[in-house]
Amino acid sequence: MIDFSDKMNMNLFKLARCFLKLYKFLDFQSQLPLIDPSLYIHRYCKALDLGSKTRKVHLTAIKLIQRMQRDWMCQGRRPSSLCGAAILIATKIHDIKCSTADICKTVFVCDETIRRRLEEFKKTSVAKLTKE
């Protein structure tokens, strides 16, 4: 994965935060919709190198993102944190050893952010379902 922060000589998180503030201040919500988080799932799963189960994790994570959208979890959230939480849940469903730290490095969020998304997900009805 390419790290643009070295080339641009600036913190990308500060740049993203500035963009979101400008986005809200100029009221671009109706003219410029934010990006769907499920678009990033394939790239993140590929970067994690999950082996032969990459496709299964990818499809499960997309279903989880769709469910998060139906439960309004995506509103006001950065796509990368939602993707990280969905991939973490999908790897647990498919019994793949993938640490939270690996996912955090791949999606560029801290573990606290993913933990918060997981706490929000626990409050939904779909979180009570089992693998079967």
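1. Tyr40 and Tyr44 lie four residues apart in helix 3, so about one helical turn separates them. Both residues matter for the next point too. Tyr40 is buried, and Tyr44 is buried as well. Note that this is a predicted model.

2. How many aromatic pairs does a search of the whole structure find? One. The ring centres of Tyr40 and Tyr44 are 6.1 Å apart and the ring planes meet at 25°, so the pair is stacked. The cut-off for stacking is planes under 30 degrees apart.

3. Next, the core. The largest nonpolar core has 31 residues. Helix 3 (38-48), helix 4 (54-70), helix 5 (79-93), helix 6 (100-107) and helix 7 (111-122) each contribute at least two residues to this core. Helix 5 gives the largest share, eight residues. The residues with the most contacts inside the core are Ile41, Met68, Ile87 and Ile103. In soluble globular proteins, nonpolar side chains tend to be buried together.

4. Met68 deserves a separate look. Which residues is Met68 in contact with, leaving aside neighbours within four places in sequence? They are Met73, Cys74, Leu82, Ala85, Ala86 and Phe121.

5. Helix 7 has a length that checks out. Its twelve residues, at 1.5 Å a residue, should span 16 Å; the end C-alpha atoms are 16 Å apart, which agrees. The expected span takes 1.5 Å times one less than the number of residues.

6. Which residues of helix 7 are buried? Ile114, Arg117 and Phe121 are. These three cover an arc of only 60° around the axis, so they sit on the same side of helix 7. Helix 4, helix 5 and helix 6 are among what covers the buried residues of helix 7. Phe121 is also one of the contacts of Met68.

7. Now the cysteines. The structure holds zero disulfides. Cys45 is in no disulfide, and the nearest cysteine sulfur, that of Cys83, is 8.8 Å away. Cys45 has 0% relative accessibility, so it counts as buried. The cut-off for buried is under 20%.

8. A disulfide needs sulfur atoms within 2.5 Å. Cys110 has 42% relative accessibility and therefore counts as partly exposed.

Key. Residues are numbered from 1 along each chain as its sequence is written. This is a predicted model: local features need pLDDT of at least 70, side-chain atom pairs count only at pLDDT 80 or more; totals for chains, interfaces and linings use all residues. Side-chain values use heavy atoms; hydrogens and water are left out. A nonpolar core is a set of buried Ala, Val, Leu, Ile, Met, Phe, Trp, Tyr and Cys residues joined through side-chain atoms within 4.5 Å. Buried means under 20% relative accessible area, exposed over 50%, partly exposed in between (1.4 Å probe, protein chains only). Contact means heavy atoms within 4.5 Å. The arc is that of the directions from the helix axis to the C-beta atoms. Rings of Phe, Tyr and Trp (its six-membered ring) pair if their centres lie within 6.5 Å; planes under 30 degrees apart count as stacked, over 60 as edge-to-face and the rest as tilted.
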